[in-house]
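Please open the model in your viewer and keep the selection panel at hand. The tour moves from the whole chain to a single side chain and its surroundings.

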Amino acid sequence: MPVEVTWWGHATCTVEDSGIRFLTDPLFARRLAHLRRRRGAPPPPEATVAEAVLVSHLHSDHLHLPSLARLAPGTRILVPRGAPEAVPGLRRLAGAGLRLTEVAPGDEVTVEGVTVRAVPARHDGRRLPFGPHRSPALGYVVEGEARTYFAGDTGLFDTMAEEVGPVDVALLPVGGWGPYLGQGHLDAGRAAQALAALSPAAAVPVHYGTYWPIGLDGVRPHEFHAPGDEFVRHAARLAPKVAVHRLGHGERVRPEVAR
């Protein structure tokens, strides 16, 4: 099969294409600030094995320095342009043997014969709470035997399909880590609209059902559990030809794509 996708939770996935492993927004922590991992055990050691890591933006649940520090020396990390200036800890990781590559929308990087293209996202990608707006939020398209789009964190925008280009598999955020989603996010309904515009062969919903604020376990729990099922329902209506794979934590799928 041309591509295999494993969802480890939140926005963390392994995309294996042509024998090359790409890891997206690695977050391996049981707890992050006020968030607690409520579903799925933290990813096993095999999740840290990758030729390249794709970091979509600078929020600490997407660019998590302790998780990046678990990667093997020599691992290549693609980060938004300007990230090392905004997050000095990245320079320490580079000093420890990780290979940083800064990218902006439109840039292409080849990783052992597989092309990775950075594409725009509509999201506040700065390092919160006080970071400057210097680094763009990104998505990535991994193109080997298949074209796999990792959206990172993004809102819906009119030119999404044009700027992302043709894809076979879409990894789309469908929720968040709290009862409410702010600007620059996709909920299940907007993610299904994005799916209809992108028209891939297959999709995997991500960025939901993993972390939840401590002390808010009983507050609107459907907001935590439901987005995956809601996305499946909306996608069946808006993009009925797309095969949607709602994975559990640690589950993997080999989508059927025609190239």
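The stops below begin with the overall fold and end at one aspartate.

**The whole chain.** Display the predicted model as a cartoon. The protein chain contains 7 helices and 17 strands. Its radius of gyration is 17 Å, close to the 18 Å given by the globule rule for 259 residues, so the chain is as compact as a globular protein of that length.

**Surface and interior.** The protein chain exposes about 10800 Å², of which carbon and sulfur atoms supply 50%. Buried residues account for 56% of the 259 residues. Next, colour by charge: the 28 positive and 27 negative charges have mean positions 6 Å apart. Among contacts with a separation of 6 or more, 67% link residues 24 or more positions apart.

**Aspartate 25.** Now select aspartate 25, located in the loop between β3 (20–24) and β4 (31–32). Is aspartate 25 buried or exposed? Its relative accessibility is 0%, below the 20% cut-off, and therefore aspartate 25 counts as buried.

**Its polar partners.** Show the side chains of serine 56 and histidine 62. The side chain of aspartate 25 forms a polar contact of 2.7 Å with that of serine 56 and another of 2.6 Å with that of histidine 62.

**The wider surroundings.** Beyond its neighbours within four places in sequence, aspartate 25 is in contact with Ala11, Thr12, Leu54, Val55, Ser56, His62, Phe150 and Gly152.

Terms used. Residues are numbered from 1 along each chain as its sequence is written. This is a predicted model: local features need pLDDT of at least 70, side-chain atom pairs count only at pLDDT 80 or more; totals for chains, interfaces and linings use all residues. Side-chain values use heavy atoms; hydrogens and water are left out. Helices (H or I, at least four residues) and strands (E, at least two) are DSSP runs, numbered from the N terminus. Buried means under 20% relative accessible area, exposed over 50%, partly exposed in between (1.4 Å probe, protein chains only). A polar contact is a pair of N or O atoms within 3.5 Å; within protein, one must be able to donate a hydrogen and the other to accept it, and residues adjacent in sequence count only if both atoms are side-chain atoms. Contact means heavy atoms within 4.5 Å. The radius of gyration is taken over C-alpha atoms; the globule rule is 2.2 Å times the number of residues to the power 0.38. Accessible areas come from the Shrake-Rupley method with a 1.4 Å probe; for residues, only the protein chains shown count as cover. Lys and Arg count as positive and Asp and Glu as negative; His and the chain ends are not counted. The place of a charge is taken as NZ of Lys, CZ of Arg, CG of Asp or CD of Glu.
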